[in-house]
Amino acid sequence: MDYKDTLILPTTSFPMRANLGANAPKVYVKWQEESVYAHMQAKRKGQESFNLHDGPPYANGHLHIGHALNKILKDVVVKHRYFAGFCVDYTPGWDCHGLPIEQQVEKEFKDKDNVLEFRKRCYSHAKKFIDIQRNEFLQLGVVGDYEKPYETLDYAFEASIYGMLCIVAQKGLLKQRFKPVYWSWACQSALAEAEVEYKDKQSDSIFVAFNLAPQSAAFLAKEAHFSVEQTPKDFALVIWTTTPWTLPANAAIALKPKTTYAITSAGHIAALELAPKLLEKGILKGEIVGSFESDLLEKHEAINPLNGRASLVVLGNHVSLEEGSGAVHTAPGHGEEDYFLGLDYGLEVLMPVDDFGRYDEEILEKKLLPQEFLGAHVLKIQPKILELLGENLLHHSVITHSYPHCWRTHEPVLYRATTQWFILMDEPFLQPDGSKKTLRQVALEAIEAVEFYPKQGKNRLKAMIEQRPDWCVSRQRSWGVPMAFFVDKESQEPLFEPAILEHIKGIFSQKGCNAWWEAKTADLLPQDLKHLAPKLEKNPHILDVWFDSGSTFKAVCEERLKLYPSGLVLEGSDQHRGWFQSSLLLSCIAHSKAPFKAVLTHGFTVDEKGHKMSKSKGNVISLEHILNTYGSDILRLWVVLNDYQNDLSVSDAFFKQTADSYKKIRNTLRFLLANIADLESLSPLNPLDEWILAQSAQVFNQVQAHFQGYDFVKGLQKLLAFIANELSGIYMDICKDSLYCDGKNSPKRRGIQTAMLHLAHQLSFTLAPILTYTIEEVFSHASSLFKEVALSGTSVFDLKEPTLHPNEALLEEFKAPLHLRTLFSEALDCLKKDKQVKTSLELEIHLKEPDDFKHYAEWLMVSSVCAKQDNALLDTSAFTLYKAKAHKCPRCWQFTSHSALEPCARCAKVLEHA
């Protein structure tokens with residue numbers, strides 16, 4: 001007889017190989033056709049809500065792996081909350097206005113003066129990529145309201161954005177100012193903080209002597225302290241700058257208040273603390289012969305060597321003594337600190353640079369530079385500035401330092417004073433309790449009520465709010481929401497009449513904001529105010545795109561979902577200076593509180609060496625390659641198996657490792673499915689079954705606690721360790737004998753199958769938010785009983801929360817058997833290494849201190865527990881191992897048969913009743 005034919009071997013149609021790249025997309029299409037998201041919402045109607053508000057990706061270009069990281073994390077969180085019983089709201093969205101789209105359209109359409117045609121093409125470009133990206137997102141196995149996403153170019157959405165702007169204006173926080181801002185000469189527009197990226201740049205570093213005016217020099221010669229009789233005849237303040245192109249606009253030199261400055265025998269002046277180092281380098285000439293306190297020279301004058309204009313000596317707390325000379329070149333038109341210092345001293349704001357970064361007519365009108373500089377780009381003609389300085393240029397070197405660049409063109413930006421609209425950070429405005437606070441104060445207080453994951457995100461955002469300047473929200477472009485205010489032609493004062501603002505908002509909601517360009521002024525005014533039209537002109541600016549995305553809480557959470565504030569926002573850590581900040585500020589203006597209850601951040605995708613991925617480096621691994629090679633569930637597992645709060649390394653090697661982890665999970669599920677296939681009803685459990693379910697209850701509770709705190713990495717590590725050790729390494733290995741060799745309906749076998757069904761249910765429930773397709777596949781191959789126990793419908797989205805079987809007392813009882821098993825495994829390895837046995841079934845064991853545990857033969861997978869005897873194979877302090885005396889059963893392979901080639905008593909009984 002071939003005893004193999006008498007075994008109950010596991011059987012399942014669930015394939016060993018997933019073929020994810022081919023199979024998963026078909027299921028994702030089915031989910032869309034079956035409106036899975038609507039099904040999920042209907043299933044949880046009336047339950048507590050959880051809203052993850054989507055920070056919108058930009059509707060331009062195809063997705064890359066960074067997009068996948070973000071969307072998969074959001075999807076895992078949303079699904080986890082869904083399976084935990086919440087009614088989830090996740091409305092994906094797209095950011096549709098702004099410079100990147102303009103740049104793409106400009107490649108084909110050069111007539112930018114035709115604003116309406118240009119905007120029409122930008123609209124089409126954005127809509128095209130929304131459709132492209134939506135389809136690409138769905139290939140990741142994500143769910144959400146993709147049938148009705150939010151798009152910032154929708155008429156109602158544009159009206160909502162404009163409505164938010166009106167709130168800012170009516171609260172007195174929107175003001176027009178002529179002040180320095182980040183300026184992109186490459187795209188001729190102001191930039192917000194979040195639109196600036198810092199990278200290394202080579203710059204000219206120069207020290208320049210500004211001679212004191214004769215009257216000021218005479219005053220210093222009289223009042224300063226000198227250690228020699230022969231004092232210098234002339235004096236010069238030595239300034240340091242890395243932006244020589246701004247020197248024509250110099251209006252002052254700032255010294256540090258209450259600080260001692262040194263005078264050299266050559267008349268050079270620098271902070272006493274820095275002077276020795278400058279003398280050593282040969283930047284200052286002579287030796288120190290005198291000193292004075294900085295306050296002495298306040299409001300005296302030096303002479304700009306470029307143009308002979310007066311430069312006022314002023315005092316500024318921003319002056320640093322860590323580098324430079326302690327004398328700071330001050331141009332209020334080219335620096336924020338310079339600008340505010342200029343307000344204190346009434347300095348002239350010179351701005352001789354046009355939108356394209358070229359010197360303009362002001363250099364001739366104010367006699368700042370010679371004719372040859374007119375129309376020259378400031379960065380390109382900078383060497384000529386150095387020539388013009390002549391002997392006043394004391395030192396020149398080239399340094400590499402971190403410098404702001406335009407986020408889109410990657411060109412260095414200029415700091416340039418222009419007339420822009422700003423949201424004021426330090427203007428007090430009325431609060432709900434009747435008090436007045438600044439936006440900075442309100443935002444910092446609001447942060448305290450927000451949970452941050454990781455916790456250091458809180459301090460990072462607070463520091464940025466504490467230090468940030470006023471928010472420049474105006475842009476000199478065409479594709480965006482207009483700052484649709486009328487301005488008085490004579491006074492240039494904006495008109496914030498509520499009736500006008502509300503009327504314009506109504507027009508935008510019906511016709512879109514193209515109406516601002518299409519309609520005449522009179523047609524945009526309410527009937528009773530049309531008579532004002534001849535006195536008014538349209539504000540030409542559009543809104544910063546960060547204002548668009550920052551106000552999405554209003555259009556989506558507040559107005560559409562009625563769920564404000566949102567439960568969570570989840571974006572890359574760079575959004576502390578971007579979307580988190582813009583959303584926070586606008587929400588604090590509207591409601592004096594944060595628009596989100598919690599903030600979760602992730603890192604960025606880098607190559608295996610930790611370098612940023614770029615096409616020029618040739619280190620990009622495309623999303624398409626990963627999906628085709630490995631499949632979406634392996635990509636999803638990669639996201640949550642890694643410490644996503646730091647940067648994630650992308651390489652085939654890492655994905656192969658993840659694929660190995662996926663195979664272990666899949667094979668475990670397959671083993672469980674195959675061994676419960678013939679189970680028709682639940683049965684009582686055996687002690688080992690109760691132990692594994694007590695163990696799983698402990699592990700699954702810990703995993704869920706980690707998942708609840710968004711620590712998917714720790715949760716999965718615990719789960720994978722449980723699968724490898726207790727479940728596969730102990731329980732499943734032990735149970736094979738009973739599953740395959742016991743009678744089909746033996747109580748022990750049915751108990752094991754019942755436990756395995758519960759384990760399959762628990763694993764499916766825990767993994768469903770991550771490996772949603774795979775768990776859907778599990779149930780398409782599941783037995784009727786498994787579906788009945790685990791599902792309330794037909795799909796993975798109908799999973800019921802599994803029953804856990806906690807039993808702390810039982811786990812305590814099993815500590816001794818587990819310890820003994822560890823010792824036994826070490827002994828068995830020694831015997832196998834010495835080639836004394838091939839399997840543990842060849843052994844009998846004598847326990848030197850037996851306890852109440854009755855299942856050691858099964859637990860250790862030996863043929864029997866025996867009394868003490870002679871001829872031990874191995875003797876330890878806890879047990880002695882012997883070669884089994886009985887014969888090997890040809891059916892179950894245990895050494896328990898009375899004679900060779902005859903089945904053991906258990907197998908004989910099974911065969912008899914077969």
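Predicted model: local features only at pLDDT ≥ 70, side-chain atom pairs only at ≥ 80, totals over all residues.

Trainee: How many helices and strands does the protein have?

Mentor: There are 30 helices and 35 strands. The C-alpha trace spans about 120 × 80 × 55 Å along its principal axes.

Trainee: What radius of gyration does the protein have, and what would a compact globule have?

Mentor: The protein has 37 Å, while a compact globule of 914 residues would have a value near 29 Å.

Trainee: And what share of the residues is buried?

Mentor: Buried residues account for 56% of the 914. The accessible surface is about 39,400 Å², with 50% of that belonging to carbon and sulfur atoms.

Trainee: What span should α6 have, and how far apart are its ends?

Mentor: Helix α6 covers residues 155-170, and at 1.5 Å a residue it should span 22 Å. The end C-alpha atoms are 22 Å apart, which agrees.

Trainee: Which residue with a positive phi follows α6?

Mentor: That's G172, with phi near 80°.

Trainee: OK, new topic: β15. Which strands pair with it, and in what sense?

Mentor: Strand β10 (residues 252-255) runs parallel to β15, joined by four bridges, and L255 stands opposite L315 there. β14 (residues 301-303) pairs with β15 in the antiparallel sense over three bridges, with A302 opposite S311.

Trainee: What's between β14 and β15?

Mentor: Six residues, in a hairpin; G308 in the turn has a positive phi of about 75°. As for β15 itself, five of its six residues are buried, so the rest of the structure largely encloses it.

Trainee: Last one: in what order do the strands of the four-stranded open sheet run?

Mentor: The order is β33-β32-β35-β34, with mixed pairing. β33 and β34 are at the edges with a single partner strand each, so one side of each has no neighbour in the sheet. β32 and β33 run parallel, joined by two bridges, and I845 stands opposite V865 in β33.

Trainee: Which helix packs on that sheet?

Mentor: Helix α28 (residues 815-833), touching β32, β34 and β35. The direction of α28 makes about 40° with that of β35.

Notes: Residues numbered from 1 in each chain as written. Heavy atoms only, no water. Expected span 1.5 Å × (residues − 1). Pairing = 2+ DSSP bridges. Contact = heavy atoms within 4.5 Å. Axes fitted to C-alpha atoms, helices over the stretch in contact; angles between N-to-C directions. Rg over C-alpha atoms; globule rule 2.2 N^0.38 Å. Buried < 20%, exposed > 50% of the residue type's maximum accessible area, 1.4 Å probe, protein only. Areas by Shrake-Rupley, 256 points an atom, 1.4 Å probe, with all protein chains shown as cover.
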